[in-house]
Amino acid sequence: MGMTMTQKILAAHCGEAAVTAGQLINARLDIVLGNDITTPVAINEFNKAGFDSVFDKTRVNIVLDHFVPNKDIKSATQSKQCREFADKYDILNFYDVGQMGVEHALLPEKGIVTAGDCIIGADSHTCTYGAVGAFSTGVGSTDMAAGMAKGMAWFKVPAAIKVELKGQLHKPVTGKDVILHLIGEIGVSGALYKSLEFVGDGVKSLTMEDRLCICNMAIEAGAKNGIFPVDEITEAYLKGRSQRPWVKYEADPDAEYERSIVIDLDALEPTVSYPHLPENTHLAKEGKDIKIDQIVIGSCTNGRIEDMEAAYEILKGRHIAKGVRGIIIPATMAVYKECILRGYTEAFIDAGCIVSTPTCGPCLGGYMGILAAGERCVSTTNRNFVGRMGHVDSEVYLASPATAAASALTGYITDPREV
């Protein structure tokens, strides 16, 4: 029996000619990642284990993004610990105020992650990098500590689900609507410890931003990872960007999949995930009676320049509804700067929104947009669990940037095709 794309990458990194689903392996790592919340825990475990060196100072990445600029003394202390560790071990890819961005937008943008890589990160949305044809998954801080020291990690090889994409996307439908539709169909445990392997003619209609968004939320279906084939769009993105030569892996024709799912991209409509699980999906046009208090456009899911452009196209020359707070957070400093150069920032401010420097902030209920009891937010983030963005009696509705922007204009959940 042949191997899936994920299995081929894992086989290459554990030195085996072939691997099978369920097999336990010890794999060589190309990239190890942590942020300002998870890295301090990893540093403590690193020191407790007696490690005194990192396996490769060019392969360890620390991105301060959750509470940066620091929001309080505790977050300042955590960041200080990360800075001291990065300085002690001369970590080359250390990103702090002025250079940082939301980690899963920053690493692809910088070309730090590339096709064929085996990547772990102490953050559950590390699965984002499957968009460039890498095996990438989230781990705990203890695994991060061992990975930083030894450059190795153990895995159980995942079984696979094939997601065949047919047709093509039509604006304003985006990758966010694709992944919300899929999670709505299979549920938050529908791909538990499986690899979601995206294939089909419809793939070529997806931009890199679409693919990054889709893979980012693979974990919200319980998946170990999500992955796209390396095609001309991927190679165009990596060319001149990737810091290392990439390797293109392809699934065998006889690769084994536990199940197959077909998504007709032509038939998709703007979709919203209602509280309190990403699987609770509805069409945006069905939410006209749901009044909102806030919108957030940004995060590792939807904070890239294409996302900013989608919001701009709807908000330019208009003003958000009275009583709605508009929070827009470009995911990296490069995106932040590009928004200024293109005039997006001015349009957002004129529309009544605030524009922040990069941060995860409101996504995890940290700062920069916390909700009070009874408040509702339409957000382009990736989770809407109870209390995710603030009070346990608040509500988060997940949507695309276009849907969030349209909803800001009306004050109610709104299909972007109707504004």
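Modeller: On a 1 Å grid over the protein atoms alone, a pocket is an open set of points where a 1.4 Å probe fits, with protein on both sides within 12 Å along at least five of seven lines, and its lining residues have an atom within 4 Å of a point. Grid points are joined across faces, edges and corners, and a volume is the space filled by probe spheres set on them. The model here is predicted: local features need pLDDT of at least 70 and side-chain atom pairs count only at pLDDT 80 or more, while totals for chains, interfaces and linings use all residues. Residues are numbered from 1 along each chain as its sequence is written, and side-chain values use heavy atoms, with hydrogens and water left out.

Biologist: What volume does the largest pocket have?

Modeller: The largest pocket is the place to begin. Its volume is about 470 Å³.

Biologist: Which residues are the closest to the centre of the largest pocket?

Modeller: The lining of this pocket is made of 25 residues. By class it has ten nonpolar, seven polar and eight charged residues, where Ala, Val, Leu, Ile, Met, Phe, Trp, Tyr, Cys and Pro count as nonpolar, Asp, Glu, Lys and Arg as charged, and the others, Gly among them, as polar. Closest to the centre are Lys171, Pro172, Val173, Thr174 and Ala310.

Biologist: Which helix gives the largest share of the lining of the largest pocket?

Modeller: Helices (H or I, at least four residues) and strands (E, at least two) are DSSP runs, numbered from the N terminus. At least two lining residues come from each of α6 (175-186), α7 (208-216), α10 (305-315) and α13 (401-410). The largest share, six residues, belongs to α10.

Biologist: Between which domains does the largest pocket lie?

Modeller: Domain bounds come from an automatic or database domain assignment. Two domains both give residues to the lining, so the pocket lies between domain 1 (3-242 + 254-262) and domain 2 (271-408).

Biologist: Which strand gives the largest share of the lining of the second largest pocket?

Modeller: The second largest pocket holds about 250 Å³ of space. It is lined by 16 residues, and nearest its centre lie Met5, Val199, Pro229, Glu250 and Ala251. The classes are eleven nonpolar, no polar and five charged residues. The largest share, three residues (194-199 being the range of the strand), comes from β9.

Biologist: How many salt bridges does a search of the whole structure find?

Modeller: A salt bridge is a side-chain nitrogen of Lys or Arg within 4 Å of a carboxyl oxygen of Asp or Glu. The search of the whole structure gives a count of 21.

Biologist: How many residues apart are Lys8 and Asp252?

Modeller: Their side chains meet in a salt bridge at 2.8 Å, N to O. Lys8 is in helix α1 (residues 5-14) and Asp252 in the loop between α8 (232-238) and β11 (259-264), so the pair links distant parts of the chain. The separation in residues is 244.

Biologist: Are Arg383 and Glu220 buried or exposed?

Modeller: The side chains of Arg383 and Glu220 meet in a salt bridge (2.8 Å, N to O). Arg383 is in the loop between β17 (376-379) and β18 (395-398), and Glu220, 163 residues apart from it, is in the loop between α7 and β10 (225-227). Buried means under 20% relative accessible area, exposed over 50%, and partly exposed in between (1.4 Å probe, protein chains only). Both residues are buried.

Biologist: Which residues do salt bridges that share partners join into one network?

Modeller: The bridges in question share partners. The network consists of Arg28, Asp30, Asp56 and Arg59.

Biologist: How many disulfides does a search of the whole structure find, and why is Cys127 in none?

Modeller: A disulfide is a pair of cysteine sulfur atoms within 2.5 Å. The closest cysteine sulfur to that of Cys127 is in Cys215, 7.3 Å away, which is too far for a bond. Cys213 is in no disulfide either, as the nearest cysteine sulfur, that of Cys300, is 9.3 Å away. The number of disulfides found is zero.

Biologist: How far apart in space are Ile261 and Glu185?

Modeller: Ile261 lies in strand β11 and is buried at 2% relative accessibility. Ile261 and Glu185 are 76 residues apart in sequence, and their distance in space, C-alpha to C-alpha, is 9.4 Å.
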